[in-house]
Amino acid sequence: MIDRLKLYLDLIRWNRPAGWLLLLWPTLSALWVAADGFPGWHLVAVFTLGTILMRSAGCCVNDVADREFDKHVKRTAQRPVTSGRLGVKEALLLGVVLALWAFVLVLSTNRVTVAWSFAALAVTLAYPYAKRFVSMPQAVLGVAFSFGIPMAFAAVQSEVPLLAWGLLMGNLFWVLAYDTEYAMVDRDDDLKIGMKTSAITLGQWDVAAIAGFYAAFLTIWALLLDAPEGSAWLWVGLAGAAAQAVWHVWLIKDRSREGCFKAFRLNHWVGFSVFLGLVLSHT
């Protein structure tokens, strides 16, 4: 039983929280914006736990979908499903259970949020297969990883205003930045197996494009959050995120696996900086 539990925890990347933190910070930021301040502990708990559960469920689906490709990639060859230590049906069953738990949490909000949760699920399920057909599947991931934003607005306001979609679009650029860094780590292996990624599509323009993605993300959020008229704390948060983005571009400039992976792994601090600035600006 203990060994099985370890496999499950490995499958959902429990020892690598950076993955769900990348989803959590923009989602919580959207909650604060939608509520114009603290949204209440109920919604904070629902969206925090829901984010962890849905990201974990997504890992189950992703590993099943990519099990044949992952065998040829150094970084992923020993994943539980890929290595055969965990069966496909068992992994999918775990994913279903986790998604159902997340859905139970959503049921404690309102009908609008429940309705949008089905769209979020559809995008989550589509992403693993987008890598076979879309030249920049990171854009699909960007929608999936940003869907907590409209859901947060729905939970607070019972509607999804244009502001939510604008923030989603801005956050999509951030996902493009950090997931392209991630794809750069596996570029050599992905080229051999015919996987489509933004790192391959962008080619020699990858580093410049990532710098542009970071700039687009921060500019869109600054404009939509009316930073020029807002609190100085919001500027501090955005400036902290921008400084980290510059550092990450420096880390990846030589396209080394170590530098690219480090930039990806530390990206959740970019989102945290923006979130912290938002929270402090509403105090």
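Leaving aside its neighbours within four places in sequence, with which residues is Tyr-8 in contact? In this predicted model, in which residues are numbered from 1 along each chain as its sequence is written, local features need pLDDT of at least 70, side-chain atom pairs count only at pLDDT 80 or more, and totals for chains, interfaces and linings use all residues. Side-chain values use heavy atoms, with hydrogens and water left out. Once neighbours within four places in sequence are set aside, Tyr-8 is in contact (heavy atoms within 4.5 Å) with Leu-86, Glu-90 and Leu-94. Tyr-8 lies in helix 1, which covers residues 2-11, where helices (H or I, at least four residues) and strands (E, at least two) are DSSP runs numbered from the N terminus. At 24% relative accessibility, Tyr-8 counts as partly exposed, a class that falls between buried, under 20% relative accessible area, and exposed, over 50%, with a 1.4 Å probe and protein chains only. Between the C-alpha atoms of Tyr-8 and Asp-186 the distance in space is 24 Å, while the two residues are 178 residues apart in sequence.

The protein chain as a whole has a secondary structure of 15 helices and zero strands. Its radius of gyration is 18 Å, close to the 19 Å that the globule rule gives for 283 residues, so the protein chain is as compact as a globular protein of that length; the radius is taken over C-alpha atoms, and the rule is 2.2 Å times the number of residues to the power 0.38. Taken along the principal axes, the box filled by the C-alpha atoms of the protein chain is roughly 55 × 45 × 35 Å. Of the 283 residues of the protein chain, 52% count as buried, and among contacts between residues at least 6 apart in sequence, 73% join residues at least 24 apart. The protein chain carries 23 positive and 20 negative side chains, and the centres of the two sets lie 7 Å apart. In this count Lys and Arg are positive and Asp and Glu negative, while His and the chain ends are not counted; the place of a charge is taken as NZ of Lys, CZ of Arg, CG of Asp or CD of Glu.

Further contacts were examined within individual helices. Phe-103 lies in helix 5 (residues 88-106) and, with a relative accessible area of 26%, is partly exposed. Not counting residues up to four places away in sequence, Phe-103 touches Val-114, Ser-117 and Phe-118; between Phe-103 and Phe-118, which are 15 residues apart in sequence, the C-alpha to C-alpha distance is 9.3 Å. Val-140, found in helix 7 (residues 138-146), is also partly exposed because its relative accessibility is 22%. With residues up to four places away in sequence again not counted, Val-140 touches Val-123, Tyr-127 and Ala-130, and its C-alpha atom is 8.8 Å from that of Leu-172, a residue 32 places away in sequence. Asn-171, in helix 9 (residues 162-185), has a relative accessibility of 1% and therefore counts as buried. Under the exclusion of residues up to four places away in sequence, Asn-171 touches Pro-26, Phe-145, Ser-146, Ile-149, Phe-217 and Trp-221.

A search of the whole structure finds zero disulfides, a disulfide being a pair of cysteine sulfur atoms within 2.5 Å. Cys-59 is in no disulfide, and the nearest cysteine sulfur, that of Cys-60, is 6.9 Å away. Cys-59 counts as buried at 5% relative accessibility, and Cys-60 is buried with a relative accessible area of 0%.

Most residues other than glycine have a negative phi. Asp-36, although not a glycine, has a positive phi of about 55°; Asp-36 lies in the loop between helix 2 (18-35) and helix 3 (41-65) and is exposed, with a relative accessible area of 62%. Ser-158, likewise not a glycine, has a positive phi of about 60°. Ser-158 lies in the loop between helix 8 (148-157) and helix 9 and, with a relative accessible area of 43%, is partly exposed.
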